[in-house]
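Here are my notes for your read-through. Please check them against the coordinates.

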Amino acid sequence: MLNQLKELQIKFNEKIVNSSSRGDIEELKKEFIGKNSPLNSILQELRNADAQTRQEAGKLANEIKTQILNTINELQEKFDQDDLKLQLSSEKKDISLPGMNLSFGSKHPLNLVIEELSEIFSELGFEMVDGTEFEEDEYNFQRLNLPEGHPARDMQDTFYVNEKQVLRTHCTNMSSRILSKLSQTGSEIKQHGSVSFGNVYRRDVDDATHSHQFMQIDAFLIGPKISFANLKWILQYLCKRLFGDQVNIRMRPSYFPFTEPSAEVDLSCFKCLGQGCKLCKNSGWIEILGSGMFNENVLRLNGINPQKNTALAFGVGVERIAMLKYGISNIRDFYENDIRFLNQFHFFGN
């Protein structure tokens with residue numbers, strides 16, 4: 001009987017290896033542990049066997065039956081897992097959200113110019129100041145040698161909030177404020193340079209080259225021995241940094257109420273190198289900014305002794321520089337927020 005059980009176990013182990021389907025499993029189950037299986041017949045014959053045989057054969061029969069059931073159950077579970085994977089694979093659905101197409105941002109061309117100018121003047125030791133746009137008439141005009149009723153005010157007609165307050169017409173308002181603060185310290189001025197930048201406003205008719213609102217950068221440098229030669233060197237250095245070492249400047253006499261002497265500054269055309277082209281209107285030169293030495297009256301009005309200190313000053317429109325650097329023909333492009341225009345500057349300043 002023990003030999004029969006062992007042969008039965010060997011036979012099962014041989015057949016289970018070749019089982020590859022649920023049908024094969026059911027056949028093995030029926031053959032080896034079914035009602036009419038040899039194992040079941042041996043268990044029934046144990047009733048008539050002696051005590052020792054019942055003990056030994058019964059123990060082995062139960063072990064074999066347990067092994068058969070465990071092996072069949074494991075194989076059955078494997079088939080169940082394979083069927084589940086196949087089902088999941090066939091019923092697979094993409095429940096993820098579609099990807100987002102994130103476009104690259106870019107700096108505004110005016111900000112690119114301001115950052116470049118800030119870098120240049122910071123290297124020269126100037127202080128960068130972002131001043132107030134809502135200004136007192138006193139600092140915007142009166143302390144800059146433009147008293148009430150002065151005819152030069154017509155060139156800077158602006159928006160009045162009331163009789164004493166305006167939207168500033170230039171960033172030079174910060175020059176008068178800073179000069180006033182320097183005079184209040186009570187100490188001698190060794191040397192101080194400031195650059196103010198931001199929006200300015202003038203009552204102007206908007207067209208391709210003019211706007212009632214634009215951005216400006218104004219600079220001044222004050223000290224005991226500041227001269228016109230210092231002004232020329234700074235302007236020459238500034239233009240070369242902005243437009244290349246090949247450019248030169250020329251200074252033409254002009255008039256500004258707060259500077260004397262005053263000069264308009266022209267830049268040699270960086271496109272045609274002075275030969276004459278459409279950009280420079282065939283003159284070889286491009287008007288770029290206004291400059292001069294602070295008028296003695298401006299220094300006195302802000303509490304500075306003109307016998308001890310002199311100061312240079314100049315101002316330039318940010319849009320003017322941007323239009324020249326980037327070949328922009330219409331100033332309104334800067335403010336219309338057309339994404340097609342702004343997308344052109346993805347690779348500038350990064």
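Does F220 count as buried or exposed, and at what relative accessibility?

1. The model is predicted. F220 counts as buried, because its relative accessibility is 1% and the cut-off for buried is under 20%.

2. A search of the whole structure gives 8 aromatic pairs. In one of them, F121 and F126 have ring centres 5.4 Å apart and planes at 70°, so this pair is edge-to-face. F121 is buried, at 2% relative accessibility. F126 is buried too, at 8%.

3. F220 also pairs, with F294. The ring centres are 6.2 Å apart and the planes are at 50°, so the pair is tilted. F220 sits in strand β5 (residues 213-223) and F294 in strand β8 (residues 285-294), so the contact ties together parts 74 residues apart in sequence. F294 is buried, with a relative accessible area of 5%.

4. Ring pairs join Y326, F334, F341 and F345.

5. Two charges sit over rings. The charged end of R177 lies over the ring of Y139, 4.1 Å from its centre. The charged end of K325 lies over the ring of F243, 5.8 Å from its centre.

6. Helix α7 covers residues 172-184, which is 13 residues. From first C-alpha to last, α7 reaches 19 Å, close to the 18 Å expected at 1.5 Å a residue. Its buried residues include T172, M174, I178, L179 and L182. After α7 comes G186, with a positive phi near 80°.

Technical notes:
Residues numbered from 1 in each chain as written. Predicted model: local features only at pLDDT ≥ 70, side-chain atom pairs only at ≥ 80, totals over all residues. Heavy atoms only, no water. Helix = DSSP H or I, 4+ residues; strand = E, 2+ residues; numbered from the N terminus. Expected span 1.5 Å × (residues − 1). Buried < 20%, exposed > 50% of the residue type's maximum accessible area, 1.4 Å probe, protein only. Phe/Tyr/Trp six-rings, centres within 6.5 Å; stacked < 30°, edge-to-face > 60°. Lys NZ or Arg CZ within 6 Å of the ring centre and 35° of its normal.
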